[in-house]
Amino acid sequence: MTATGNRLKMLRIAALVTALSYAAAARADDPAFNAAAGITAVTGAQVYQHICQGCHMPDAQGAVGAGHYPKLAGDPALVSWEYVALTILNGRNGMPAFGQPVSQATEFGAVRLSDSRIADVVNYLRNHFGNRWKGNVTAAQVASLPHPP
Ligand code: HEC
């Protein structure tokens, strides 16, 4: 490879490393999502605001553009808490999984939600944005569902 080619390659690697460290910093500066901080007082609303609304929008109306993000406001599919929890745990088509094992989430720097945070955001979603589904889900119920390997 020529000297110029090598230099371009180095620049590309440097840019990638910078981008990855920005991504890590974006999570790390939020104590609510820093596992090391061991903070447990995170509400379903906070989980929604930090993680879900980026795609589903703050008012849960969804968005169509570079992708299709379904609206979760007044969404009849939310009648089934299992459907909501399984979607969050395992992902669905264009939606990433949030229930992967800790080791994997750490290795790939992905956002991971514990069963109890998933229960919180399921309960929040099913009782906000015009959704009125009865019954609160517990972390133990979420734990009983299949998780990603
Ligand atoms: C990176 C974008 C993205 C993020 C972040 C995201 N979702 Fe999704 N979500 C999607 C897409 C895309 C779909 C549609 C999947 C499909 O094609 O069925 C979806 C589908 C859903 C559905 C199924 C809706 C229905 O009517 O079938 C639920 C429920 C849901 N998401 C909840 C959440 C929750 C809760 C969070 C936060 C923990 C979240 N999503 C974060 C992209 C995202």
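Biologist: Are α2 and α5 roughly parallel or roughly perpendicular to each other?

Modeller: This is a predicted model, in which local features need pLDDT of at least 70, side-chain atom pairs count only at pLDDT 80 or more, and totals for chains, interfaces and linings use all residues. Residues are numbered from 1 along each chain as its sequence is written. Helices are DSSP runs (H or I, at least four residues) numbered from the N terminus. Axes are lines fitted to C-alpha atoms, for helices over the stretch in contact, with angles from 0 to 180 degrees between N-to-C directions. Here helix α2 (residues 44-56) and helix α5 (residues 115-126) have axes that come within 8 Å and cross at roughly 95°. The two are therefore roughly perpendicular (65 to 115 degrees).

Biologist: Which residues of α2 meet α5?

Modeller: Contact requires C-beta atoms, placed from the backbone, within 7 Å. On the α2 side these are G44, A45, V47, Y48 and C52, facing R117, D120, V121, N123, Y124 and L125 of α5.

Biologist: Is L113 buried or exposed?

Modeller: A residue is buried if 20 or more other C-beta atoms lie within 10 Å of its own, and exposed if 12 or fewer do. L113 has 22 such neighbours, so it counts as buried.

Biologist: Where is L113, and what is it in contact with?

Modeller: L113 sits in the loop between α4 (102-108) and α5. Leaving aside neighbours within four places in sequence, its contacts are V47, I88, F98, G99 and I118.

Methods:
Parallel < 35°, antiparallel > 145°, perpendicular 65-115°, else oblique. Contact = placed C-beta atoms within 7 Å.
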